[in-house]
Amino acid sequence: MKTGRMRGGTPPAAVLETMQANDWIEKHVRTLFTLPALVFVVVMVAFPLGYTVVLSLRDWNLTTGSAPRWVWLGNYASLFADARFWAAMGRTLAFSFGAVAIETVLGVAVALFLNREMRGKNLTKTLFLLPMVATPVAVGMVWLLIFEPTIGLANHMLGLLHVDPQPWLTSRKTALVSLMLVDVWQWTPIIMLVTLAGLAILPRDPYDSARIDGAGPVQILRRITLPLVMPTVLVGILIRLIDALKTYDIIYSTTQGGPGESTETLNILGYVLGFSYFRMGLGAALIVLFVLTVTAVSLLVLALKNNVDRRVGW
Amino acid sequence: MRAGNRWILVVLAATLLVPSLMAKGQKEAGDKSRPYAGTTVRCVFPVHPWTDGVKKMVPAFTEATGIKVEIEELATDPMSNKIAVEFNAKSTNLDVVYVRPLNETKLFGLNGWAADLHPYVDGDAAFDVKDFADATIQSLTYNGKLLGLPTTTEHQILYYRKDVLEKAGLQVPKTLDEMMAVAAKIHDPANGFYAMVNRGKKNIAVTQFSSYLHSFGGEFNEGDKALIDTPEAIKAYKYYTDLLRKYGPPGIVNFSWPEAAALMAQGKAGMFTDADAIYLNVVAPDKSTVGDKIGFAVFPAGPAGSKPFNVCSGAIGVGNFSKQKEAAAQFVKWMTSKAAVMELQVAGNSGARKSVWANPESTKSWPKELVEVVNKSNELGVGWDRPRVINVTQARDIISEPILVGFEGGDVEASAKKAQAAFQTLIDGEKK
């Protein structure tokens, strides 16, 4: 705005208009700046979720060609009565908590190991990150080959160690565990990364005083490092848990839920119900329950984190 | 920008424009004989030797009609799921779809997903829709609407290694008992050679299991009655799973036909029962190291005789929400015309046209033994290879459970009883 004109009494109409417009923008700047994000969330998240909820209250079976009809909670009732649903729920939780637990132990251990001055530290870190950037479907294909019972690398390695060949993905007993192994391979690095970030910002004072008090390295690790870094690790765990619960691509590209139903998680079952059996309402109900499960698990971990934060004094 | 530079830009822009102007001129000039020139039809097809053959014929089609063709290839199950999802969303750019008559005719018909092709083919003497085997057209008709035109027929046959049987001094098995005995003699897993390979993967195995079931005198269902726990069915389940558990490769539960055919083609398996339609995957020199050593035989007889399936396994139709149905129909007719079916059959894809089968030229390049086996299978065959219900995928999932239990060496009979109950519930649910 040209200040010269401003000095001489009332500004002309055009300038006045601009000023008023600027005022309006300034007053509503918060709304205006958040509007695009808000619209995006409504269109891409709220609407599909709302539509899924509505769909879950209707019986819509594409194979009969009949119009959808309201059954309200009928779909939920049939899911609760279905052993296949509960088995899938159990598998989803076992897969997620199992994989993330291993990832946490390994990730924190690697982070502690890397958290010091050493040669080739950056190279090591980069190598650890490689699995994370790979496309899940490609990862699935590669592991399918690794797990191949006759010519696969996994059994070849076991052979070198004089261990009997394992059926990996081809047996109901071992398929889910094999998939957890893939998840651990791919996602341990993110826990490592988050932990490293947490370690980097730890205060020095507690260490100094501990050393003066004569604490050994094990004591320092148990009493200082781990408690202090725990809040950060929990953030990593939360991110990983949500992600692990949602795992779909790795499973679909390797076993499609098989052998039998032994790797059928909620996500896979939802797909089967919706797009193989064409029970749209039932599939939608399952997805709603799935979203609730993920939310419940997240809240649980958040509560745990708050608890830990309070103890650490963050 | 300097004046010289600007000129270079103008010249560049002009050279870019010229071809597009020329293309426009061509299109207008050819408008009368090629009314749909310039449009692109999108096809969703399975990974299959037939698709390979069609891809080779697309340039000629585009040349003649000016219609461009995009082909998306997927494994069969994801393909039909994708098609169903897109139809469900009323996608307007799904122009040509692959239809598996025994799986999808009812589904597509009930939902009005596939366009009726009668208006496009009736009265077209050159196309001659009556030339297709009657049963194949029937399997694609829903409420008087023709939802697809047949592309492939399949018969279950026995592939075997001539050299291996010869070396062991064994005859080609004519019965299922003989096949089990032969398998026991040639099985050599220590050297990476497996006597038998078949499909083992969940519901994918069910169609190939059907010939075993029928040859034992069993059936999936008869009308509203599920029949998978009859003594015949249980015997078939036991035979199929014993055969592969004892004499098959490890990991059989994850085998679909590409894995099984590959093992056969790499010379690591002795016998294989699957559709004749994939014989190129077993013998073609670019895919097989033992192509010249593969023999073909009629499916071995069980207690009820030799009952291989003989089905119309594939067809192509036009999406009902497509904005360019005429162009799509033109493509469908082209690829199922007498000339095209002839060309495809010469290349090894058994079609459904009577006139083509009547012409010895069509199978001249095929192994002679295979032609005899196919002709014989045509006489013996059963017209379905999967349960005849609406929810075919779900039914196949249920029916495949005892197969898995059998592979694990579990109690097949108990599993069949359980599957029977689930299958009956499914059928009863469809009646409502």
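Let me start with a network: Glu103(A), Asp183(A), Arg240(A) and Asp243(A) are linked by salt bridges. Keep in mind that this is a predicted model.

Asp243(A) and Arg240(A) form a salt bridge, and their closest N and O atoms are 3.3 Å apart. Both residues sit in helix H11 of chain A, 3 residues apart, which is about one turn of the helix. Are the two partners buried or exposed? Arg240(A) counts as buried because its relative accessibility is 2%, and the cut-off for buried is under 20%. Asp243(A) is partly exposed, with a relative accessible area of 32%.

Now to the helices around this network. H9(A) packs against helix H11 of chain A, residues 217–245, at an angle of about 145 degrees. The axes of the two helices are 9 Å apart. The crossing of H9(A) and H11(A) is right-handed. Which residues make the contact? From H9(A) they are Asp183(A), Trp187(A), Ile190(A), Ile191(A), Val194(A), Thr195(A), Gly198(A) and Leu199(A). From H11(A) they are Thr225(A), Val229(A), Thr232(A), Val233(A), Gly236(A), Ile237(A), Arg240(A) and Asp243(A). By type, the residues of this contact divide into 8 nonpolar, 5 polar and 3 charged. Asp183(A), Arg240(A) and Asp243(A) are in this contact, and they are also in the network I began with.

Back to salt bridges in general. How many are there over all chains? The count comes to 28. I will show two others.

In one of them, the side chains of Arg172(A) and Glu408(B) meet at 2.8 Å, N to O. Arg172(A) lies in the loop between H8 and H9 of chain A, and Glu408(B) in the loop between helix H17 (392–407) and helix H18 (412–431) of chain B, so this pair joins two chains. Arg172(A) is partly exposed, at a relative accessible area of 26%. Glu408(B) also counts as partly exposed, at 44% relative accessibility.

The other one is within chain B. Asp229(B) forms a salt bridge with Lys417(B), and the closest N and O atoms are 4.0 Å apart. Asp229(B) is in the loop between strand E9 (225–226) and helix H10 (231–247), while Lys417(B) is in helix H18, so the pair ties together parts of chain B that are 188 residues apart in sequence. Asp229(B) is partly exposed, with a relative accessible area of 21%. For Lys417(B), also partly exposed, the figure is 43%.

Last, some backbone details in chain A. Trp72(A) lies in the loop between strand E2 (69–70) and helix H4 (74–80). Trp168(A) is in the loop between helix H8 (153–160) and helix H9 (175–200). Which of these two is buried and which is exposed? Trp72(A) counts as exposed, at 53% relative accessibility, whereas Trp168(A) counts as buried, at 14%.

There is also a cis peptide bond to point out. Where is it? It joins Gly258(A) and Pro259(A), with omega at about -10 degrees. Pro259(A) lies in the loop between helix H12 (249–254) and helix H13 (266–276) of chain A.

Note on methods. Residues numbered from 1 in each chain as written. Chains lettered and ligands numbered in written order. Predicted model: local features only at pLDDT ≥ 70, side-chain atom pairs only at ≥ 80, totals over all residues. Heavy atoms only, no water. Helix = DSSP H or I, 4+ residues; strand = E, 2+ residues; numbered from the N terminus. Buried < 20%, exposed > 50% of the residue type's maximum accessible area, 1.4 Å probe, protein only. Axes fitted to C-alpha atoms, helices over the stretch in contact; angles between N-to-C directions. Left-handed = near helix turned anticlockwise from the far one by under 90°. Contact = heavy atoms within 4.5 Å. Nonpolar A, V, L, I, M, F, W, Y, C, P; charged D, E, K, R; others polar.
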